[in-house]
Structure formats: C-alpha cells, structure tokens
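Hi,

Here is the structure I promised to pass on. Have a look, and my notes follow below.

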Amino acid sequence: MIIRPIAAPLALVVTLAGCAVGPDYQRPELALPDHYPDANVADTTDGEITPDWWTLYGDAELDHLISRALQNNADLRRAVAQIDEAEAVLSEARATLFPEIDLGLSSSRARSSTLNAQPLAAGVSPVSNSHRLALSTSFELDLWGRLQRASEAAQAQLLGTRYGRDVTALALTGATAQAYFLLRSLDAQITVTQQTLTTREESLALARSRAAGGLASELDVYQAETGRADAALQLRELQRQRALVEHQLGVLTGTPDLALAPGDLMQLPLPAAPPAGLPSTLLERRPDVQQAEQALIAANARIGVSRAAQFPTFTLTGVFGGQSEEFSDLLKSGARIWSIGLGATMPILDAGRYSARTRQAEAVQRQALADYQQVVETAFREVADALTNAQSTRAAAEDQDKRVTAARNALRLSQKRYEAGYSGYLEVLDAQRTANTAEQALIQHRQAQLAYSVDLIKALGGGWTAAVEPDAR
C-alpha cells in the first residue's frame with residue numbers, strides 16, 4: 001500500500017504519545033500548628049455553622065439583603081462571567097487533543113500564455129478550469145504531553161475562578177452583614193441619644209425653673225443648655241452616619257434607593273462558638289486557600305508546557321476529496337484525491353529561547369508557591385485573631401452590663417440630689433454624660449460581638465461542623 005512507508009514511524013509515535021513531561025503536582029507541606037490558639041471559646045462541643053450562616057441571626061431583613069446582594073451585586077456577576085470565560089478556555093484546551101477537520105472548496109478559471117517557449121499542444125485550450133472539494137486535517141500528536149499539561153493548567157484555572165467566585169460571595173455576604181449590624185447599632189445609638197436629648201431638655205427646663213425661683217444660679221442653666229446642645233449634635237452625627245451606611249448597603253445589594261426602617265440590635269442572637277480544639281485543617285475549606293492552590297497547580301502544569309516545547313513536534317496531516325476541470329465531475333471516482341503525511345519539527349539552534357521560557361515557568365511556579373504559603377499563613381492568623389476577639393468580647397459582656405447599671409443608678413441619684421438641693425447641676429451633667437457613654441459603649445460592644453462572629457465565620461471559610469474531615473486530594 002502507498003501509506004506503508006509511514007506506518008512504522010506513525011506506530012512508534014502513537015505508542016510513545018501520552019508521556020507528559022514536567023513535574024506532577026504535589027501539595028506542599030506547610031508547618032502549621034494542629035490547632036488554633038484560643039480555640040476554647042465554645043460552651044458546647046457540638047456547635048455548627050452552615051453555609052447560609054447569616055440565617056442564624058434570625059433577622060428576615062438581613063436574609064433579604066444578602067439574597068439581593070447575591071443576585072444583584074456587580075462584583076459577583078463579574079466573577080460569574082470570569083467562570084464562563086475559564087470554562088471556554090478549558091474547552092478550547094481540551095479540543096486541541098482531537099483532530100480538527102476542515103472542509104475546503106475552491107474554484108478557479110485561468111488562461112495560459114500561447115507565446116511561451118513551449119507552446120500549448122494543438123487543440124489544447126489556453127483557458128482551463130479547476131475545481132477542488134476536500135476534507136483536510138492537521139493534528140499534533142501530543143507525544144510529550146504539552147497539550148495535556150495545557151489542559152491541566154486550564155482545568156486548574158477554571159477551578160480557581162470558581163473558588164474566586166466563592167471568595168467574592170463570602171466577602172460580599174460578610175460585608176453586607178457587617179454593614180447591617182452597623183446600621184442596627186446606629187439605630188440603637190440614635191434611640192439612646194434621643195432619650196438622652198429628652199432627659200437633658202427636661203433637665204434644662206428644671207434648671208430654668210429653679211433659677212427663676214432663686215434656687216439655682218444661671219450657671220446651672222448654661223450647663224444644662226450645653227448638655228442639651230451636645231446631645232442634639234450627637235444625634236445629628238449619628239443620623240448622618242446611618243444614612244451613609246444605608247447607602248453602602250444599597251451598593252452592596254444593587255439597590256441604590258434602599259431604605260430600611262429602624263431595627264433592634266440587641267435582639268440579634270450570637271451564633272454558637274466553635275468547639276474547643278478546632279483543627280487547623282479547616283483552612284483547606286477556605287475558598288481563597290483553594291484558589292491559591294489552583295493557581296499553584298496551573299503554574300506547575302505550565303512548566304511541562306514549556307519543557308515539551310524543547311522536544312520534537314509531530315504533526316499528522318491528511319487530505320481527502322476530489323479535483324476536476326468540470327464542477328459536475330467533483331464527486332466521480334476519477335476525480336478522487338488524497339494524501340496522508342507525518343511531519344516533525346525540532347528546535348536545533350534557538351539561542352536558549354526555550355530553556356529560558358522553562359526557567360520563567362519554574363520561577364512563576366515558585367512565586368505561586370510563595371503566594372499559596374502566604375495565603376495559608378494569613379488565613380491561620382485571621383482565624384486566630386477572630387478567635388481572640390470573640391473570646392475577649394464574650395468575657396467583657398458582663399462588665400459592660402454592670403457599667404451601664406451603675407451609670408444609670410448614679411444618674412438617678414444625682415438627679416435626686418440636685419432636685420433636693422444637695423449638689424450642683426455639674427454633678428447631674430457629669431452623670432448624664434457617663435450614662436450616655438456607657439449606653440453607647442454597650443451598644444457598640446454588642447455590635448463588636450456580632451461583627452467578630454462574622455469575622456470568625458469568614459475566616460473559617462463560611463462556617464464549621466463538629467466533625468471536620470480534611471480535603472482528600
């Protein structure tokens with residue numbers, strides 16, 4: 001047969017195909033403690049946080065806001081579009097592993113010169129037609145695994161973009177919850193300040209009445225006016241801050257005209273604390289850690305792509321179709337044409353170009369390894385910080401309550417002493433300021449507890465379960 005001369009080398013190439021050069025990926029070992037410090041904040045050992053962790057706060061408005069954010073946020077839509085792009089890149093990379101078959105059709109009409117040194121034979125027309133219809137292919141045999149490694153890199157890139165979407169979603173839900181808790185904190189502070197303003201207006205009226213009756217000096221009136229003005233200014237500032245936070249929530253949820261009614265911060269419950277002895281293997285669940293690992297896998301695979309370029313490239317070509325002078329004869333057996341071939345190319349003198357590309361790929365892989373290590377270490381620190389903050393705020397909750405109770409009692413007694421004439425108004429004003437500061441601090445402490453609970457959930461990749469199994473890869 002005509003194709004017999006190329007059968008032997010073709011069989012050899014096919015036999016050797018599939019050997020991928022370059023290093024196979026192995027997850028790097030990082031020296032981390034087995035457990036997080038301060039991972040002993042739980043009252044029970046069966047606490048569990050599910051992926052829809054925001055529902056644990058029992059607030060329908062918060063659930064609705066996060067649902068809007070996940071549907072409308074521009075950053076999340078962009079992350080989804082990046083996934084679509086990566087899926088297309090992977091499909092393209094995988095397609096290179098298969099032959100591409102093209103259908104070509106050409107038709108031409110030409111006239112030859114009759115004045116050449118060798119004139120046309122008698123009876124031959126100088127005008128000729130040529131019609132061609134053929135299937136053709138050119139297929140690179142992946143002898144060294146270059147295409148396989150490129151597909152591996154594209155696969156890792158796709159997984160990385162999916163984890164990137166999860167990173168964006170986790171950051172988005174966390175930011176929405178944090179902003180919502182801040183809004184509710186400002187609502188509570190506004191309520192306390194309004195009550196303080198009412199109390200100081202009453203105190204101002206009392207000071208004026210006592211001054212008019214000769215029981216107090218004008219100094220008491222001026223001090224009462226100062227206290228009332230302070231409360232009014234504080235109220236306006238809190239209302240301004242609330243409006244800004246509401247605008248921020250509007251951007252996060254894709255609802256620029258968002259308007260929320262006041263709510264009660266103190267009614268929001270705290271989620272369960274993580275169980276004692278929380279394993280550091282939970283870091284593997286974090287989407288940013290998984291994203292960094294996929295970037296490392298892709299960089300590792302590209303080393304094989306660069307190394308394979310230094311070896312011979314084998315290409316299988318073929319044509320099958322028909323060619324004739326008359327278009328109607330194209331499909332006749334006599335018009336049949338075909339060819340099959342095997343070609344090989346190899347860089348001989350490249351001035352070190354391909355080896356330099358391999359060194360570049362190896363350097364990029366080392367950078368990705370350093371990035372992965374940094375992400376893991378940062379993740380461990382974030383969990384440790386969040387556990388410390390959660391433990392500290394839980395321990396301080398009782399002291400905050402005692403502070404508010406004492407400040408309220410001191411204010412009540414100072415008002416009675418002033419009304420009875422045993423002390424000046426300055427004592428009342430000082431007690432009012434202390435009580436207001438304690439009330440505001442209690443609200444801010446509650447907000448901090450809620451905020452730190454979100455930080456901990458985010459740091460652990462969106463929650464935890466009592467029985468944690470490390471990723472099997």
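(A pocket, on a 1 Å grid over the protein atoms alone, is an open set of points where a 1.4 Å probe fits, with protein on both sides within 12 Å along at least five of seven lines; lining residues have an atom within 4 Å of a point.)

This is a predicted model: local features need pLDDT of at least 70, side-chain atom pairs count only at pLDDT 80 or more, and totals for chains, interfaces and linings use all residues. Residues are numbered from 1 along each chain as its sequence is written, and side-chain values use heavy atoms, without hydrogens and water.

Back to that second largest pocket: Trp53, Trp54 and Asp166 are among its lining residues, and helix α4 (residues 146–212) gives the most, four residues. (Helices are DSSP runs of H or I, at least four residues, numbered from the N terminus.)

The largest pocket holds about 370 Å³ of space (a volume is the space filled by probe spheres set on the grid points, which are joined across faces, edges and corners). Of its 17 lining residues, Arg27, Leu30, Leu32, Glu284 and Tyr372 are the closest to the centre. α6 (287–308) supplies the largest share of that lining, three residues. By class, the lining has eight nonpolar, three polar and six charged residues.

Finally, α7 is followed by glycine 421, with a positive phi near 85 degrees.

Cheers

Key: Helix = DSSP H or I, 4+ residues; strand = E, 2+ residues; numbered from the N terminus. Nonpolar A, V, L, I, M, F, W, Y, C, P; charged D, E, K, R; others polar.
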